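Have the model open while you read.

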Amino acid sequence: MRTGSAGACARPRRCRWRCAHVAAPMSRARGDAAAAAAALERAGAEMVKRAVELDLASRFQESLVCYQDGIDLLLQVVKATKDEVKKQHYRQKITEYMTRAEDIKKCIEKEKQDGKYHKQIKIDENATGFSYEKLFQEYLNEIVTEVWVEDPYIRHTHQGSGKTQQINGLEEIKQSLRNHGVTLNLSFSSSIHDREIRFNSGWMIKIGRGLDYFKKPQGRFSIGYCDFDLRPCHETTVDVFHTKHTKKT
């Protein structure tokens with residue numbers, strides 16, 4: 001997310017991370033526990049380091065996720081360690097990161113209310129974890145009653161190629177949705193080019209490749225055939241806006 005707003009989203013001071021490691025004789029069980037705690041410590045340190053880097057780059061939405069994940073890891077470290085000095089150090093850091101995360105939340109919420117929110121997600125080649133649910137769930141709340149999808153390039157074999165096959169597939173989806181109280185209206189255009197998804201709550205999502213950002217699965221029994229979070233993606237960019245922040249023509 002790019003923003004130039006001040007206040008809650010003002011850049012934080014650069015973070016200095018210091019980890020103290022105490023070496024002592026221990027049994028194999030204690031050694032395993034210490035190794036696990038050290039791994040958590042490293043993971044937490046890396047995660048909050050990444051959060052601060054994103055924060056300083058004004059990529060607040062991504063930074064918030066990293067802060068939250070880092071805090072969870074550090075809480076596990078506090079629970080695992082018996083060193084009171086370490087506990088105090090981590091508790092202080094956790095408090096600092098929680099405060100910063102709350103400031104970012106307030107900033108993002110204000111931008112959403114003002115219609116100035118712009119979130120950008122970059123999906124790398126072969127990346128996973130970008131199902132439709134992950135991308136759209138945040139915007140499908142109780143306010144939304146209508147969604148418009150415009151996508152002119154759903155035409156490959158694994159998307160349902162051929163006009164007849166497309167119509168039959170869409171009619172089947174239409175009937176299935178009707179059973180759940182959802183009405184699907186279809187229309188075709190020979191001139192449409194842009195790809196976008198709009199919600200009647202005002203949110204608009206533009207995906208560089210449209211809905212066709214998933215790679216063709218290797219087979220019906222391959223991982224990712226049903227769970228789209230596990231299906232590799234093509235490289236693309238997702239932009240989220242609110243219509244308050246778009247020029248009216």
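1. Glu125 has a relative accessible area of 41%, so it counts as partly exposed (buried is under 20%, exposed over 50%, partly exposed in between, with a 1.4 Å probe and protein chains only). Its side chain meets that of Lys215 in a salt bridge, 2.8 Å from N to O (a side-chain nitrogen of Lys or Arg within 4 Å of a carboxyl oxygen of Asp or Glu). Glu125 sits in the loop between β1 (119-123) and α4 (132-136) and Lys215 in the loop between β4 (203-207) and β5 (236-242), so the pair ties together parts 90 residues apart in sequence. Helices (H or I, at least four residues) and strands (E, at least two) are DSSP runs, numbered from the N terminus.

2. A word on provenance: this is a predicted model, where local features need pLDDT of at least 70 and side-chain atom pairs count only at pLDDT 80 or more, while totals for chains, interfaces and linings use all residues. Residues are numbered from 1 along each chain as its sequence is written, and side-chain values use heavy atoms, leaving out hydrogens and water.

3. The salt bridge count is 12. One of them joins Asp55 and Arg100, with the closest N and O atoms 2.6 Å apart. Asp55 is in helix α1 (residues 28-56) and Arg100 in helix α3 (residues 84-114), so this pair links parts 45 residues apart in sequence. Both Asp55 and Arg100 are buried.

4. Glu150, Glu196, Arg198 and Lys206 form a salt-bridge network. Within that group, Glu196 and Lys206 pair at 2.8 Å, N to O. Glu196 is buried at 12% relative accessible area, whereas Lys206 is partly exposed at 28%.
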